[in-house]
Amino acid sequence: MRVAIVGGGYSGTIAAVEAARALRDAEISLIDKAGRFAAGAAYSTRSPGHLLNVPARGMSALADDPEHFVRWAEREGLGGRDQFLPRREFGRYLREVLAGVPQVRRVTDEATSLEGDALALASGERISADVVLLAGGNYGSRLPGPLGERAIQDPWGAGGAEAVQSAAARGGEVLLVGTGLTMVDMAISLEEAGFAGRITACSRRGLVPRPHLAEAEAPLEREPPSGLANLVRDVRGHHPWRASVDGLRPHSRAIWRGLSETEKKRFLRHARPWWDAHRHRIAPAVGRRIAALREAGRLEVMAGRIAEVDGDSVTIRRRGGGELRRRFAAVINCTGPEGDVARIGDPLIRQLLASGRAMRDPLGQGLQVDERSRVLGAGESPPLYALGPLSRGAFWEIVAVPDIRVQARDVVRALSA
């Protein structure tokens, strides 16, 4: 079997590893335009302060060996199963896992289109495939054009870290657009680079990811009710809230698939920011760093939106009334992944959508897939599968390691059968 995997981050890497382990004599090509195999945006960071958002015990790359990462971390002297380790160490772990399957061919190139049974690459090479796995991960969003040259559009892309360091060296004030996980990372990056100025972070609701507690609470085991309104009441009615939210994880796929399209849209419009802040939490040590920056007056978080840009002056209209007008030496995009698959710039995804070979899911979150992660659209050969965030519209909680590793294993099992 000829397997072509597009995307060399976690999703693509673990799919390649599972394919190499399960498909005897398979020809596996792992394609990544940046050549950042076993890293992607999340784990290519060099910052020691960018920590995993869950303890080591939840980060095994292999679905069938939940202690795999814990054993590696202990062998490397990094700590035990309850430690929140640096993400760069997890990247090193993934590179070693990938190195253990030398039959995977790594291709540094960009897949631009699917022509018959072959992927066409930007270099002109064609890779024939019996199956194609789309594992591009999260695609970045864009800030408004008027922000000009001061805007760092992709802090995780080529030159992103260097641009952030340059902004730190210039000093002045820095605006972070977005208050989620990327904001947390960028505030830490600026501090590590010696930035002594003021940081302003702005989003529509001003919600910052909550930290894990030093002493973890056991998830609340229960059978959640059906319907979005009932779910909201159920979560609010149980305490502590962390145990209540974590108790929904085993049911998240069934909950999502059980909601009507109207309820899903309502969730995305009104409840998603609250869910993200409470569900996707940060390490306790990271939470303390962010709290210290806020208490010292070096980080101001506000709810609002950019209303006007005049040169280097930005006006922010606060939620609830009032305006803030300041001059910012740099603006960093911390808005997170693009929320509409039709707006991403990836040439392969755009070609698949334009040709009808793939379709947007009804919410526009990613590609429309069936319960086996197979992409729905015109044409059957070669079959296409979407892994990770590209299948978010169907499964929702499919952006973290524990979920993606199960998805990758199950897709490969279906292929081997």
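**Salt bridges**

I started with Arg317 and Glu323, whose side chains meet in a salt bridge at 3.2 Å, N to O. This is a predicted model, so I keep that in mind for each entry. Arg317 comes out partly exposed at 37% relative accessibility, while Glu323 counts as exposed at 52%. I also noted one network, in which salt bridges with shared partners join Glu173, Arg198, Glu300, Arg318 and Arg326. The search of the whole structure gave me 36 salt bridges.

Next I looked up Glu115 and Arg126, a salt bridge at 2.5 Å, N to O. Glu115 sits in strand E4 and Arg126 in strand E6, 11 residues apart. Both are partly exposed: Glu115 has a relative accessible area of 37% and Arg126 one of 46%.

Then came Glu397 and Arg279, at 3.6 Å, N to O. Glu397 is in the loop between helices H13 and H14 and Arg279 is in helix H10, so this pair ties together parts 118 residues apart in sequence. I find both Glu397 and Arg279 buried.

**Second largest pocket**

I get about 640 Å³ of space here. The lining takes 23 residues, and Val232, Val235, Phe267, Ala271 and Trp275 are the closest to the centre. Helices H7, H8, H9 and H10 each give two or more residues to the lining, with H10 giving the most, seven. By class I have 15 nonpolar, five polar and three charged.

**Cavity**

My search turned up one cavity of 30 Å³ or more. The largest cavity has a volume of about 80 Å³. Its lining includes Tyr139, Glu338, Asp340 and Arg392, and by class I have five nonpolar, four polar and three charged residues.

Note on methods:
Residues are numbered from 1 along each chain as its sequence is written. This is a predicted model: local features need pLDDT of at least 70, side-chain atom pairs count only at pLDDT 80 or more; totals for chains, interfaces and linings use all residues. Side-chain values use heavy atoms; hydrogens and water are left out. On a 1 Å grid over the protein atoms alone, a cavity is a set of points where a 1.4 Å probe fits but cannot get out, and a pocket is an open set with protein on both sides within 12 Å along at least five of seven lines; lining residues have an atom within 4 Å of a point. Grid points are joined across faces, edges and corners, and a volume is the space filled by probe spheres set on the points. Helices (H or I, at least four residues) and strands (E, at least two) are DSSP runs, numbered from the N terminus. Ala, Val, Leu, Ile, Met, Phe, Trp, Tyr, Cys and Pro count as nonpolar, Asp, Glu, Lys and Arg as charged, and the others, Gly among them, as polar. A salt bridge is a side-chain nitrogen of Lys or Arg within 4 Å of a carboxyl oxygen of Asp or Glu. Buried means under 20% relative accessible area, exposed over 50%, partly exposed in between (1.4 Å probe, protein chains only).
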